[in-house]
Amino acid sequence: MLSLTILLGALFLYGTGREWYRLIHEHGLTISANLFGTTYYSLVGLHAFHVTAGLLMLSIVLLFGLAGRVGGEHSARLDVLSLYWHFVDAVWVVVFTVVYVVAR
């Protein structure tokens, strides 16, 4: 499951990058274009940064797990990482609603 989570997070970042490319090159929407551009890139960019940080941490845990270096004594740390990842996930629901539903 951890591998699938990392894959889906990476796909999310890839999709975000493609969307940004399209918005910039096809629609001219940059961070300085208008208030929506500033808000959009700030919200989505901050979220993408946190997803990147989460993916880095999850990847480290996966590598240590595959090497047999994760044990019961690490459960509290893994719980904190899980809470972080779920918080980032829940924030996306808010960002998605604000940017893609309300702003349209």
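Modeller: A term to begin with: buried means under 20% relative accessible area, exposed over 50%, and partly exposed in between (1.4 Å probe, protein chains only). The model is predicted, so local features need pLDDT of at least 70, side-chain atom pairs count only at pLDDT 80 or more, and totals for chains, interfaces and linings use all residues. Residues are numbered from 1 along each chain as its sequence is written, and side-chain values use heavy atoms, with hydrogens and water left out.

Colleague: Then where does alanine 10 lie? And how does alanine 10 count by accessible area?

Modeller: Alanine 10 lies in helix H1. Helices are DSSP runs (H or I, at least four residues), numbered from the N terminus. With a relative accessible area of 37%, alanine 10 is partly exposed.

Colleague: How many residues separate alanine 10 and threonine 52 in sequence, and how far apart are they in space?

Modeller: They are 42 residues apart in sequence. C-alpha to C-alpha, the distance is 8.2 Å.

Colleague: Now the inside. Which residues make up the largest nonpolar core?

Modeller: Nine residues: Leu23, Leu29, Tyr40, Tyr41, Val44, Trp92, Val95, Val99 and Tyr100. A nonpolar core is a set of buried Ala, Val, Leu, Ile, Met, Phe, Trp, Tyr and Cys residues joined through side-chain atoms within 4.5 Å.

Colleague: Which helix gives the most to this core?

Modeller: H3, with four residues. Helix H2 (35-66) and helix H3 (75-102) each supply at least two. Apart from this core lies another, of seven residues, including Ile6, Leu55, Leu81 and Trp85.

Colleague: What is valine 44 in contact with, leaving aside neighbours within four places in sequence?

Modeller: Thr16, Trp20 and Val95. Contact means heavy atoms within 4.5 Å.

Colleague: Switching to rings. How many aromatic pairs does the structure hold?

Modeller: Eight. Rings of Phe, Tyr and Trp (its six-membered ring) pair if their centres lie within 6.5 Å; planes under 30 degrees apart count as stacked, over 60 as edge-to-face and the rest as tilted. Tryptophan 92 and phenylalanine 96 have ring centres 6.3 Å apart and planes at 55 degrees, so that pair is tilted.

Colleague: Where do tryptophan 92 and phenylalanine 96 lie?

Modeller: Both are in helix H3, four residues apart, about one turn of the helix. Phenylalanine 96 is partly exposed, at 39% relative accessibility.

Colleague: Which residues do ring pairs link into a cluster?

Modeller: Phe12, Trp20, Phe36, Tyr40, Tyr41, Trp92, Phe96 and Tyr100.
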